[in-house]
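Morning, everyone. Please look at the structure on the screen, and I'll walk you through a few of its details.

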Amino acid sequence: YRFCHYMHLELQIVFWMPVALLLVHRVVEQGRLRDGVLLGLAMAAQLFSSIYMGVFSLVYLGVLIPALFLLGGFRRALKSLTPLTAGAVLAIVIVAPYALAYSQAEREVGMPAAPDMVPYSASLKDYMAAPDINRIYGWTAQTDITSISEMNLFPGLLACVLAALGVVRGQGKARFAYLAGLIIAIEMTRGAFSPIYRWLFEH
């Protein structure tokens, strides 16, 4: 997917995501205000680097953090609320001018209708297709002009095997929070075919 988007520089700037995930774990485990502030800065940086990846990150964290709380217990969740709130407020303050400009542009340009999302809504066959420039899996590529850059989503066999091993053989409960995040992330890629995505789109 990212090879097909080399011309879209902002879609390559995703290194803030793993930084944010590291900081989420620090906040949940230690409850330090400093880590919450750094998390807010990392999320603001991701939103400025790529609005798409920033929104994807926020949705993902919206699943991951509550799942970590459920697995970690009430006391850990309570300890994390202040740093998480501080980080959220900081990110909102930093990103607000950008969000206002984005909102104004949306009013001028208009919002796409739900049917417009169908060509960009993934299905299972899209996860079995890799870009044709992939030397190993290129033979699986979709060649339809509307799907070439958007719908060849196969991440590679090794990535899938390692992810499955992490869930099955990994240690600690956090892996189940990541599994929940993965399920929701894949569901969200279904776009117009996903009831969760449609509800978020409408609200």
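**Rings and a helix**

Start in helix α4: Tyr 98 and Tyr 102 are 4 residues apart there, so about one helical turn separates them. Helices here are DSSP runs of H or I, at least four residues long, numbered from the N terminus.

Before going on, a word on the source. This is a predicted model: local features need pLDDT of at least 70, side-chain atom pairs count only at pLDDT 80 or more, and totals for chains, interfaces and linings use all residues. Residues are numbered from 1 along each chain as its sequence is written, and side-chain values use heavy atoms, leaving out hydrogens and water.

Now, how many aromatic pairs are there in the whole structure? A search finds 4. Rings of Phe, Tyr and Trp (its six-membered ring) pair if their centres lie within 6.5 Å; planes under 30 degrees apart are stacked, over 60 edge-to-face, the rest tilted. One of the pairs is Phe 15 with Trp 16: tilted, 5.1 Å centre to centre, 45 degrees between the planes. Next, Tyr 98 and Tyr 102: their ring centres are 6.2 Å apart and their planes at 70 degrees, so this pair is edge-to-face. Ring pairs also bring in Phe 48, making a cluster with Tyr 98 and Tyr 102.

Over to α1, residues 16-30. Which of its residues are buried (under 20% relative accessible area, with exposed over 50% and partly exposed in between; 1.4 Å probe, protein chains only)? Ala 20, Leu 23, Val 24, His 25, Val 27 and Val 28. Their cover includes α2, α3, α4 and α6. Just after α1, Gly 31 has a positive phi of about 65 degrees.

Key: Helices (H or I, at least four residues) and strands (E, at least two) are DSSP runs, numbered from the N terminus. The expected span of a helix is 1.5 Å times one less than its number of residues. Contact means heavy atoms within 4.5 Å.
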